[in-house]
Amino acid sequence: MTRFVLAIDQGTTSTRAIIFDHAGLVVSVGQMEHRQICPRAGWVEHDPVEIWDNTRQVIAVALAKAELSARDIAGIGITNQRETTVVWDKATGVPVYNAIVWQDARTVDYVEALAGDAGMERFRAVTGLPLNPYFSGTKIAWILDHVPGARQRAEDGELLFGTTDSWVLWNLTGGANGGQHRTDVTNASRTNLMDLRTLEWDREITAAYGVPPAVLPQIRPSVGEFGEVSVEGLLAGVPVLGILGDQQAATFGQCAFTPGDAKNTYGTGCFLLVNTGPKVVFSKAGLLTTVAYQLAGHRPRYALEGSIAVTGSLVQWLRDNLGLIKTAPEVETLALTVEDNGGAYVVPAFSGLFAPYWRTDARGVITGLTRYVNKGHIARAALEATAYQTRDVLDAAAADGAALNELRVDGGMVGNALLMQFQADILGVDVVRPQVAETTALGAAYAAGLAAGYWDSPDQLRANWHEGGRWPPSMPASEREYLYSQWQKAVRRSLDWA
């Protein structure tokens, strides 16, 4: 039996290739960061060519570290930053513009024009999503309208659109020489162009957005065949058997297969997903309805999602923009120099607020400043902002009937014990970390491995899940509610800025 599966994790700040064994344990990792391009306030871009170059390199590194070759890999799974939009020339493979990142807020005017008299909920009954610059639809339209000649070329069938999974897949499977232009149901569900029930592009909605159907990829189940690698010397002949957007991949990696199962991923942003099974559930409290995953030949599974734009990237901002720390892990050390936040609150609405507020007019604020506040208090307030925003979306989930007794967590920030304890305290429930914290990449590997027969069933995957850490709450309820009320006051101060 082939011994391993490989996951490509194309994230917001870096691209990784991770090789997993049958126990779901990490064998080797290759990782490279890519540039964050911010040409204007509220604009965030990536270079798609840099991302593809990095993808090839990290695969080579992961294979070399483990001394493996293509014959050792049963299949490849891809997971990716969702909503980030790439448009490229299908004859040359050259992007017509930088990738517009999910955090980017430039399309507010497009959103307002689409809303018209119908409002921000115009398409939610079909797509599960409100109108918002976050999603891919308006990003595609912006590129077609602002790159000279792009709209006509798109209408003529010369251009292709994809989120970064499609971009990587197309290049892996041949690029301009027969590359597969495909995506999966989870990524398609983040465009605001797909019908949640039919799992097909909705022609009326794509027309309203001004997105020509010819640019859109074929939608496939998350677990199934997507094509074979045809890049010489780079896993040639190995099949790509799974694609999941990063948050759905983390849900899969946490083995949250049963309705009511949930996870929260702490990365560049923070994302809560609650499995609702085969039922499409619409939130009344500001959450999104999305596809959780689909196995080939089976009905899709859906989820409610609470999307938070800025969590880990706030720590990067402290490092890169303010120079308060030199490396991201130092934020915990700095925060531990003080006992509390000193009355300071940071609301990181750098490009508006996502769930449950959906306010594009919000901007970041630091409130409660006095002469007493120092950089330790700011570091602590930045970490606490992640926990407060998570409380916001968990309260919304509870309002929708999905209250949690404990919270499974994963992502880069779960190694921060101070944050995890404060998260438990501000929620009033246990916070539980799995033994393998790389659940996003693991979910992509699981998808590919299931399709390859490397693993037999989701039940076999559940047997791989083991608890790696637990934080019970220890804060008195009265203090918890006072601190949270102060956070809510700070959020109100961030509104009506833009």
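**Entry 1: ground rules.** For sorting lining residues, I count Ala, Val, Leu, Ile, Met, Phe, Trp, Tyr, Cys and Pro as nonpolar, Asp, Glu, Lys and Arg as charged, and the others, Gly among them, as polar. I also note that this is a predicted model.

**Entry 2: second largest pocket.** The lining of the second largest pocket has eight nonpolar, eleven polar and four charged residues. I read its space as about 600 Å³. There are 23 lining residues, and I wrote down C38, V44, Q103, S313 and F350 as those nearest the centre. Which helix gives the most to this lining? I found α10, with five residues.

**Entry 3: largest pocket.** Next I looked up the largest pocket, with about 1100 Å³ of space. I get 42 lining residues, and Y266, G267, T268, G412 and M413 are the closest to the centre. By class, I have twelve nonpolar, 20 polar and ten charged residues in this lining. I then checked which elements supply at least two residues each, and got the strands β2, β3 and β13 together with the helices α9 (246–253), α10 (312–320), α11 (330–335) and α14. Of the elements lining the largest pocket, α10 gives the most, with five residues.

**Entry 4: the seven-stranded sheet.** Now the strands. I traced an open sheet of seven strands in the order β15-β16-β14-β13-β19-β20-β21, and the pairing is mixed. Its edges are β15 (288–293) and β21 (467–471), and each of these pairs on one side only. From one strand to the next, I see an average twist of 30 degrees. One residue I followed was T290, whose bridge partner in β16 is A303. Then I looked for a helix on this sheet. Helix α12 (residues 375–399) packs there, touching β13 (262–266), β14 (270–277), β16 and β19 (406–410). The direction of α12 makes about 20 degrees with that of β14.

**Entry 5: the six-stranded sheet.** I found another open sheet, of six strands, in the order β3-β2-β1-β5-β12-β11 and with mixed pairing. Here β3 (26–33) and β11 (223–228) are the edge strands, each pairing on one side only. The twist averages 25 degrees from strand to strand. V223 has G242 of β12 as its bridge partner.

Which helices go with this sheet? I noted α1 (residues 48–66), which lies across β1 (4–10), β2 (14–20), β3 and β5 (73–80) and runs at about 150 degrees to β3. Helix α14 (residues 439–452) packs on the sheet too, touching β1, β2, β5, β11 and β12. I read about 135 degrees between the directions of α14 and β5.

Entry 6: Is helix α6 (residues 164–172) largely enclosed or exposed? I went through its residues with a cut-off of under 20% relative accessible area for buried. Nine of the nine residues are buried, so α6 is largely enclosed by the rest of the structure. My list runs T164, D165, S166, W167, V168, L169, W170, N171 and L172. After α6 comes G174, and I noted its positive phi, near 130 degrees.

Methods
Residues numbered from 1 in each chain as written. Predicted model: local features only at pLDDT ≥ 70, side-chain atom pairs only at ≥ 80, totals over all residues. Heavy atoms only, no water. Pairing = 2+ DSSP bridges. Helix = DSSP H or I, 4+ residues; strand = E, 2+ residues; numbered from the N terminus. Axes fitted to C-alpha atoms, helices over the stretch in contact; angles between N-to-C directions. Contact = heavy atoms within 4.5 Å. Buried < 20%, exposed > 50% of the residue type's maximum accessible area, 1.4 Å probe, protein only. 1 Å grid on protein atoms, 1.4 Å probe; cavity = no way out; pocket = protein on both sides within 12 Å on 5 of 7 lines; lining within 4 Å. Points joined across faces, edges and corners; volume = space filled by probe spheres on them.
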